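Here are my notebook entries from an afternoon with this structure. Have it open beside you and follow along.

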Amino acid sequence: MSTLNTATLIAADKAHLWHPFTQMKAWGAAEHEPLVLVDGEGAMLRDSEGREYIDGNSSIWTNIHGHRHPKITAAIKAQLDRVAHVSLLGTSNAPAIALAEKLVAAAGGEGCPRPFLPLSRVFYSDDGSTAIEVALKMALQYWQLTGQPGRTRFLAFDNAYHGDTAGASSLGGVGTFTSRFAAVHFPVQHVAGIAALDLIDTAEVAAIIIEPLVQGAAGIRLWPPGMLKELRAWCDAHGVLLIFDEVLTGFGRTGKLFAFQHEGVPPDFLCLAKGLTGGYLPLAATLTTERVYEAFLGEYHELKTFFYGHSYCGNPLGCAAALASLQIFEEEKTLEALQPKIALMRELLAGWEENPHIAGIRQCGFIAGIELQRAPGQPYPWQAQTGQRVCLAARKHGLLTRPILDAIVLMPPLCTSESQLRTAVSALIRAVTETCS
Ligand SMILES: Cc1ncc(COP(=O)(O)O)c(C=O)c1O
């Protein structure tokens, strides 16, 4: 694509687009040159000027097997040749049915003690936030239908992030994202950690939600090992429903297909999105148990129906992509191939821990957060946007990623090769050295 085209695209972008989580005044400034990404292959992306980058945050934590994977591309094209979309309201479609079956089998309690309540039902929606909305509304209605209508409150953890629709945003524990909307939030109490739960009066609590193993948008913060087991036991003791938000951690990022499989602890609701389609199309799923599902069964006039849905629930293109992605996990033994890369990431980042500009490195599976500091024990002022400046510098060395304040996220697609991983880490080291020294 020519330079002229890039300039034209950027001008039109600045004239008409409003980007998410972006201060548009800075974006619109004459000197700011946004990247226009035009194609990709595997872990690489290319911009409109032909420059190549490693997709260091998997295109906001979505991509799993790489861009333009022939099997996912073919699955979407084949479905497109049949029908692009039909509704799940009153009709069904083959990819949505097949995917529900596969998801139930995949989330079928690998590592979970038996007997446990299997996740046997799949409710589709569009993205991470809607997967959470579904779980919240199902939990509320479940308690109404089972004789405990007073259970109307939710518990969430400090620093949590569960999305931006009203219900999901109510659960958020990062004030910058949520406090402006506090007046219209669902009733949610935030807790600092598992120990704080002992102080909670649970009589009105419908459910508690957690990002298992790692809080992503909090800056890649790790939970202590064993936390999920303790939380499950606490929920069982108090009759509280447990929601696992695996929007980020699902589909291999932590080294297993689902994060909860590390501790063998099943939830009552499992929320999936982002990597569900391999990162190709927006699709989400909320899985739940037969116990929850059966509470909603009744005669039409009893109004037990779950009156909830989106136009694109169970979109066949998204489901076809998701089926192909799950098949790739099997055929390419993605999780086995990932283990040495997780170890290499740990090794490459460990060599960097002594750097005076690094306050800490947090890694969970193939997800890393690298926290910057001005000097030992001294954070940068957040207004200085140091994390952002480091990421802009990394672009020049062929790495695309985004920070969360001053935590740089490294979360490339699972298909990233060892040499691409080395390149990504060395690009970051150069960017930190140039920006922070
Ligand atoms: C843990 C978690 N939950 C929910 C969401 C919201 O997902 P979406 O942006 O697809 O609505 C995100 C997004 O980053 C997330 O990280």
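**Entry 1: two domains**

I began with the centres of domain 1 and domain 2, which lie 28 Å apart when taken over C-alpha atoms. The assignment gives domain 1 as 35–65 + 333–436 and domain 2 as 76–331; such bounds come from an automatic or database domain assignment. I noted that this is a predicted model, where local features need pLDDT of at least 70, side-chain atom pairs count only at pLDDT 80 or more, and totals for chains, interfaces and linings use all residues. Residues are numbered from 1 along each chain as its sequence is written.

Next I looked up where the domains touch: 26 residues of domain 1 are in contact with 23 residues of domain 2. Contact here means C-beta atoms, placed from the backbone, within 7 Å. On the domain 1 side, α12 supplies the largest share, 5 residues. Helices (H or I, at least four residues) and strands (E, at least two) are DSSP runs numbered from the N terminus.

**Entry 2: the open sheet**

I then traced an open sheet of 4 strands, in the order β13-β14-β17-β16 with antiparallel pairing. Strands pair if DSSP finds at least two bridges between them. β13 (358–364) and β16 (403–404) are the edge strands, each with a single partner, so one side of each has no neighbour in the sheet.

Inside the sheet, β14 (residues 367–372) and β17 (residues 407–410) pair over 4 bridges, and Gly369 has Val409 in β17 as its bridge partner. β16 and β17 are joined over 2 bridges, with Ile404 opposite Ala407. Their hairpin has 2 residues between the strands, and Leu405 takes a positive phi near 50° there.

Helix α12 (residues 334–350) lies across β13 and β14, at about 175° to β13. That angle, on a scale from 0 to 180 degrees between N-to-C directions, uses axes fitted to C-alpha atoms, for helices over the stretch in contact.

**Entry 3: a loop residue beside the sheet**

Is Ile220 buried or exposed? Ile220 counts as buried because it has 24 C-beta neighbours inside 10 Å. The cut-offs are 20 or more other C-beta atoms within 10 Å for buried, 12 or fewer for exposed, and partly exposed in between, with C-beta atoms placed from the backbone.

I found Ile220 in the loop between β8 (214–215) and β9 (221–222). Its C-alpha atom is separated by 7.5 Å from that of Val409, 189 residues away along the chain. Beyond four places in sequence, the contacts of Ile220 include Arg362, Gly369, Ala407 and Val409. In β17, Ala407 and Val409 point one way, Ile408 and Leu410 the other, and all are buried.

**Entry 4: the largest core**

The largest nonpolar core has 118 residues, and Ala139 and Leu428 have the most contacts inside it. A nonpolar core is a set of buried Ala, Val, Leu, Ile, Met, Phe, Trp, Tyr and Cys residues joined through C-beta atoms within 7 Å. Helix α6 (residues 128–145) gives the largest share, 10 residues. I also saw that each of domain 1 and domain 2 contributes at least three residues to this core. Leaving aside neighbours within four places in sequence, Leu428 touches Ile370, Ala394, Leu399, Ile408 and Leu410.

Methods: Contact = placed C-beta atoms within 7 Å.
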